[in-house]
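Dear colleague,

Please find the structure we discussed below, with its sequence. My notes on what was found in it follow directly after.

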Amino acid sequence: MCGIFGLVTSSNHSFDRERWQRAVKDLFLLSQSRGKEAAGLAIANPTEIVVHKDSVSAEAMLKTADYEAAVERGARSFFAGESAGPLAVIGHARLVTNGLQGIDANNQPVWRDDIVIVHNGIVTNWAELWAANPDISPRADVDTEVIAALIHKYSAEGDSIPHAMSRAFNEIYGETSIAFFTRGSNELLLGTNTGSIHYCVSNARDAFFFASEKWICQKLTLGQKAIPGFEGAAIQQLAAGQGMTLDLSTLEAKTFSFDPALATPQVSPLLGTQRKIEEKSYRLRQAQANMRRCTKCLLPETMPYIAYDADGICNYCHTYEPWEKKPEREIEEYLSKFRGNGKAPDCVVAFSGGRDSSYGLHLLKEQFGMQPITFSYDWGMVTDLGRRNQARMCGKLGIEHIWISADIKQKRANIRANVLAWLKKPDLGIIPLFMAGDKQFFWYANSLIKQTGIPLMVFCTNRLEKTDFKLGFLNVPPQVEGFNQPSSFGMGRKAKMLTEYGKRYLSNPRYLNRSIPDTAWAFLSYYGINQDHLYLFDYVDWKEEVIDDTLINGYDWELADDTPCTWRIGDGTAAFYNYIYTSVAGFSEHDTFRSNQIREGQITREKALALVERDNQPRWKSIREYTQLINIDFDEAIRTIDRIPKLYA
Ligand SMILES: NC(=O)CC[C@H](N)C(=O)O
């Protein structure tokens, strides 16, 4: 179980900064015997609560520059004598029970509403509590969040904080000890239903600390490790079923029972203002929200090669070539040359399992009276959900499905090698390498024409999916034309790409791995061969609502449970790379997609912004599945990504 602790100093007389930092360090190191998967602390001064956490052991966190910076931000003014104090810290050494530590929001202290809390234990009825309180909903997976949300809810209803805490403890089932600050009150609150909080007051009664176990207090009051001022101090225990308020300025402690009938209503010492809460993830969200964006589409300033004109409109808007449809009768004429008797297949549809090819299949069969067969290339990253949706389409439409399966184990091992190489030296430019393995799809499309003897190959690619930024991050400038025909890219452009890849391979020899032959084949399959097929959406309107409606209502299409978006849910890699782009550059392919929709007049900029905000939320479940499939450590990968310097902050 986790170790929680706290240290309160009412004035700066008894400590200098070095001693204080040593005491906090000792509290961390002693507490980490209870948990080493993550660590964090909150430093409260009269104007601010600084929260810092990390998905590493306390010992490792203490050595980081980010930790130093948080301490500097939270404690500097106190030790510089600029603020009269008090200074209070609560800390946490985590053993994960609920919610992966790679996801920052699950680590502790948990900040929710006005409360910054550390928690030791498990709220076993957390799911029931969320369900019973539909007016509050979880943002993370850690059970601790529900405690904070309940306390906040009750205090918003008018309860004093001790009352609100008592009520929350009466709702909670499962061993729980907590310590928290609120934004507006000058106190530390403690509560436990097991008695796992032991505390000491300094001999001069000007400082206070607590920890999860008595021996930790013993270590810090006796012998070498004793915190200055606490030598020989008495150790007391907060009994099971009790809460405590500690006035941070006077160190006056009041204990109370969780029985609401017995708890005397106490008015907490209020601060004049609501303290600011400082947390990295919040700061980054703000910085993302403040990025400059094109006033017409919504491409942000971090988009490679972007430039805005005097009206704030970007070059991508200016050079955009509208998606001009050829008349639908032309496709009718074209298809009539191939249409058979309705029994034998008369066209092959490249079927990725995504929404566009599913809808295209529907159109070809139902609207154009064709009898397609489909083919899919399974390179190990088609999601199970994508496969089920393919099965729904083919079953209902009575369509034969050809599968070309790669050696999936090998493909995943290739991705693994490249992702591991990347994590050692992250670089946005080389991310497309993770997806190189699917490009043989185009190779097989050509060979299937020969194999089946059916000359008509249909692709349902979508021009709105043009993502210039992926190559942009590789220092390859955008190109307006060539969407469905990458082989038409000029030699100069291809050479530039190869040089840029080459440079990265040489600067990180881990890329010189088993995947090279497959990547070379992929490159050839994409850039080297003719892709002279029928592109359905060159003729037919692409309307998102119509597509979603047809698939969901007509074919019982299944959606992912980590996003309401229907795009990219058949692709097992998208959640991972979009997380990287969003985390580092503040945008993803959702931003370029929606920007194209705006330019096509399909949606308003306002709606697009809302969708981007929604769809750029991390798809944790899919990211986790991806890391499992390629056998890399989720928490480590996310930690590395989160540490990459941001382009927007
Ligand atoms: N070990 C603990 O005390 C865990 C506390 C909390 N349930 C968490 O997962 O972070």
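Predicted model: local features only at pLDDT ≥ 70, side-chain atom pairs only at ≥ 80, totals over all residues.

The largest cavity has a volume of about 70 Å³. Its lining is formed by Lys411, Asn414, Ile415, Asn418, Leu433, Phe434, Ala436, Gly437, Ser515, Asp518 and Thr519. Two elements give two or more residues to this lining, namely helix H13 (408–424) and helix H17 (516–528). Of these, H13 supplies the largest share, with four residues.

**The parallel sheet**

I would next draw your attention to an open sheet of five strands, whose order is E17-E16-E15-E18-E19 and whose pairing is parallel. At its edges lie E17 and strand E19 (534–535), each of which pairs on one side only. In general, strands of a sheet pair through backbone hydrogen bonds, either parallel or antiparallel.

Two of the pairings may be followed residue by residue. Strand E15 (residues 347–350) runs parallel to E16, and four bridges join them. Within this pairing, Val349 stands opposite Thr374 in E16. Strand E16 (residues 372–378) also pairs with strand E17 (residues 401–405), in the parallel sense and over five bridges. Here Ser376 is placed opposite Trp403 in E17.

Which residues of helix H8 (residues 280–289) are buried? They are Leu284, Ala287 and Gln288. Viewed down the axis of H8, these buried residues fall within an arc of 100 degrees, and they therefore line one face of the helix. The face of H8 turned away from the buried side carries the exposed residues Arg285 and Ala289. As for what covers the buried residues of H8, helix H19 (574–585) is included in that cover.

With kind regards

Notes: Residues numbered from 1 in each chain as written. Heavy atoms only, no water. Buried < 20%, exposed > 50% of the residue type's maximum accessible area, 1.4 Å probe, protein only. Arc of directions from axis to C-beta. Contact = heavy atoms within 4.5 Å. Pairing = 2+ DSSP bridges. 1 Å grid on protein atoms, 1.4 Å probe; cavity = no way out; pocket = protein on both sides within 12 Å on 5 of 7 lines; lining within 4 Å. Points joined across faces, edges and corners; volume = space filled by probe spheres on them.
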